[in-house]
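Let's take a walk through this structure, one piece at a time. Keep the 3D view open and turn it as you read.

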Amino acid sequence: MRTLRLAADVWLLTARALKVTLREPWSVVPNVAISLFFLLVYNAGLGGIGRLSAFGGMPYLSFILPVALVSGSVGGAGAAGQALIRDLESRYFTKLRLTPVSRTALVVAPMLSGMIQVGAQTVLILLVALALGLKLPGGPAAAVAVVLLAAGWGLGFAGYAVAVALRSRSGRTAQAATFVFFPLLFLSDTFVPMTLIKAGWMRVAAHINPTTYVFDAMRSLLSGAAQPAPVVRGILAVLALAAVTLGWAVYTAQRTLRDA
Amino acid sequence: MAEWTETKGTSNLAVTAAGLRKRYADGTVALDGIGLAVSEGEIFGLLGPNGAGKSTALQILTTLLIPTAGQAQVFGLDVVRCQAAVRRVIGVALQETGVDPLLTGVEALELQARLHGARRAEALRRARELSERLQLEGFANRRIAGYSGGMRRRLDLAMGLVHRPRILFLDEPTTGLDPLSRKALWDLVRAVHAEAGTTVFLSTQYLEEADALCDRIAILRAGRIVAEDTPARLKGRMRRDVIELVPADAAHCKALLVVADGVAPGAAIDRETVRVAVADGAAAARALLAAADGAGIALAGLRVAPPTLDDVFIELTRDQGADGTVMPPRLVPDGPFGGGA
């Protein structure tokens with residue numbers, strides 16, 4: 001009964017968050033535009049290196065697409081934090097706190113709406129990539145798996161953004177916190193396969209960076225010859241991030257909402 | 001509903017509090033040990049100037065803040081230990097709460113009803129019913145961003161009523177409203193109270209408001225309750241006459257105040273009238289007339305009136321102000337950004 005109630009509350013709050021996002025579409029556009037820009041520019045400028053043997057015959061478009069998707073999911077998840085800040089500033093959040101809704105529902109709802117938003121924009125970016133000539137040898141199943149990975153990665157970052165928003169209650173801090181985007185996105189096998197990365201420290205950083213495993217899982221799926229190992233590692237990276245940030249967000253909510 | 005059975009002995013009291021104290025992290029003591037007892041069905045007012053601790057008290061009673069010491073119950077439910085149960089019986093319109101400006105009035109009301117457990121159809125029906133009841137019909141399907149201040153207050157009130165609470169908490173419900181909207185809101189509060197027998201617990205910095213609405217008032221100053229009684233009996237405590245002087249030219253109000261203050265210290269301006277509390281009305285009236293004459297200020301009127309709550313308030317806060325921190329009460333409502341104790 002309690003679980004049902006929680007699920008119903010989460011759904012109501014998520015639906016409202018999505019409705020409000022649709023009413024302010026301009027908050028979503030820049031992030032999608034940046035992802036598409038990455039896709040176009042990197043593919044147009046670097047596409048030729050796809051002929052190197054290290055790429056194993058994979059078209060560069062398929063190789064760079066995960067970078068655009070992950071950039072979109074990290075940025076889209078940041079919007080979940082901004083949405084929470086908006087509610088804190090309009091004091092609507094306090095109004096919601098005064099209903100019998102659980103604290104967990106209050107933080108899970110913006111995370112979920114962030115995830116759904118990320119899923120939708122991932123589909124959009126995929127469609128653009130198809131228009132650019134992306135081939136999907138893995139078929140629709142691989143495409144769906146890629147969307148789920150991106151959405152899951154978005155959920156994880158939404159948890160991070162929500163926790164930071166709750167702790168800081170400031171739009172600027174929440175904005176600043178999204179700078180983790182840069183090391184996470186670029187200290188990895190972002191542009192070339194690991195074997196072509198020259199600096200030793202960069203290879204170490206890439207191995208530590210969980211984003212690398214998400215890139216590798218997506219690339220494996222997009223290549224059409226998906227190996228179980230990289231896909232499983234990617235799923236584990238997504239689940240681990242989501243579990244850690246969800247836990248952090250719920251813990252932050254329990255602590256900071258007790259007494260302001 | 002287990003909490004009800006444990007505490008049935010106190011449930012005829014809507015609010016009880018004892019030794020309630022709140023010290024913020026920065027060391028400010030907002031509440032310095034207050035006790036309250038509000039009966040079911042009462043309209044109770046917490047009256048005081050900005051910074052007296054009204055908002056803090058309301059936030060504790062509505063489970064938003066944890067007191068540093070002391071305890072409080074709402075219908076016998078402890079506000080710290082039974083937060084979820086308290087939230088089901090209280091309706092709230094606080095300054096600390098707002099509504100998402102991108103939603104429409106009906107959407108906000110419907111969501112509020114559903115979060116309180118109503119089914120979809122029932123929630124929508126309640127949302128429509130309340131928007132009609134609170135005169136929001138024409139705007140119910142428009143975004144809240146376009147609402148006027150008065151409409152927002154009415155929506156806030158409607159949102160607090162969605163789940164038919166047993167008690168309604170209102171934090172400075174009319175601060176910043178124009179006189180018409182303020183009267184309209186008073187009428188709504190009275191109607192809600194009369195129709196459903198809902199207990200009302202409100203805070204205000206306007207004595208006029210407390211006098212107009214409340215059955216009983218507690219006057220809060222610097223975190224302590226300095227007086228508690230019915231408005232009539234509080235006024236009865238003043239065994240003094242109040243003389244009202246109206247200058248012929250409203251521009252002379254300030255000058256007249258200075259003159260009157262010289263005769264009887266503690267004179268104050270209320271709209272275009274200078275009010276002075278004195279021990280002996282007849283003697284003071286003569287002295288005041290002479291003084292005004294001497295200063296060359298023509299008078300349009302002079303009245304000896306029974307004391308209002310303003311006078312009680314000035315008197316009480318002066319008594320307590322031995323430490324030199326007398327805070328003058330607000331006699332005239334200020335602009336839209338006023339308030340926020």
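Start in chain B with strand β3 (residues 43-47) and strand β8 (residues 199-204), which pair in the parallel sense over five bridges. One of the residue pairings to look for is F44(B), whose bridge partner in β8(B) is F201(B). Keep in mind as you go that this is a predicted model.

Those two strands belong to an open sheet of six strands in chain B, in the order β6-β7-β8-β3-β9-β10, and the pairing is mixed. Which strands stand at the edges? They are β6 (90-93) and β10 (224-229) of chain B; each has a single partner strand, so one side of each is left without a neighbour in the sheet. Direction ignored, neighbouring strands of this sheet are turned by 15 degrees against each other on average. Now find helix α6 (residues 149-161) of chain B, which lies across β6 and β7 (167-171) of chain B. Helix α6 of chain B runs at about 165 degrees to β6(B).

Stay in chain B for another sheet. Here four strands form an open sheet in the order β2-β1-β4-β5, and the pairing is antiparallel. Because β2 and β5 (77-78) of chain B each have a single partner strand, they stand at the edges, with one side of each left without a neighbour in the sheet. Helix α2 (residues 54-61) of chain B packs on the sheet and touches β1, β2 and β4 of chain B. The direction of helix α2 of chain B makes about 60 degrees with that of β2(B).

Let's look at how these strands line up. As a general point, strands of a sheet pair through backbone hydrogen bonds, either parallel or antiparallel. Strand β1 (residues 13-23) and strand β2 (residues 29-39) of chain B pair in the antiparallel sense over eight bridges. Along this pairing, A17(B) has L36(B) as its bridge partner in β2(B), and R21(B) stands opposite D32(B) in β2(B). The hairpin of β1(B) and β2(B) has five residues between the strands, and G27(B) takes a positive phi near 95 degrees there. Strand β1(B) is also joined by five bridges to strand β4 (residues 69-74) of chain B, and the two run antiparallel. In that pairing, A18(B) stands opposite Q71(B) in β4(B).

Step back to chain B as a whole. Chain B has 12 helices and 14 strands, and 54% of its 341 residues count as buried. Among contacts in chain B between residues at least 6 apart in sequence, 71% join residues at least 24 apart.

Next, the interior. In soluble globular proteins, nonpolar side chains tend to be buried together. The largest nonpolar core here has 118 residues, and the members that touch the most others are L65(A), L157(B) and I219(B). Helix α3 (residues 60-89) of chain A gives this core its largest share, 15 residues. Take L65(A): leaving out residues up to four places away in sequence, it touches L39(A), I125(A), L126(A), A129(A), L134(A) and L222(A).

Finish with the aromatic rings. Over all chains, the structure holds 16 aromatic pairs. F55(A) and F63(A) form one that is edge-to-face, at 4.9 Å centre to centre with 75 degrees between the planes. Both F55(A) and F63(A) are buried.

Last stop, back in chain A: F38(A), Y42(A), F179(A), F181(A), F182(A), F186(A) and F191(A) form one aromatic cluster.

How values were computed
Residues are numbered from 1 along each chain as its sequence is written. Chains are lettered from A and ligands numbered from 1 in the order in which they are written. This is a predicted model: local features need pLDDT of at least 70, side-chain atom pairs count only at pLDDT 80 or more; totals for chains, interfaces and linings use all residues. Side-chain values use heavy atoms; hydrogens and water are left out. A nonpolar core is a set of buried Ala, Val, Leu, Ile, Met, Phe, Trp, Tyr and Cys residues joined through side-chain atoms within 4.5 Å. Buried means under 20% relative accessible area, exposed over 50%, partly exposed in between (1.4 Å probe, protein chains only). Contact means heavy atoms within 4.5 Å. Rings of Phe, Tyr and Trp (its six-membered ring) pair if their centres lie within 6.5 Å; planes under 30 degrees apart count as stacked, over 60 as edge-to-face and the rest as tilted. Two strands pair if DSSP finds at least two bridges between them. Axes are lines fitted to C-alpha atoms, for helices over the stretch in contact, and angles run from 0 to 180 degrees between N-to-C directions.
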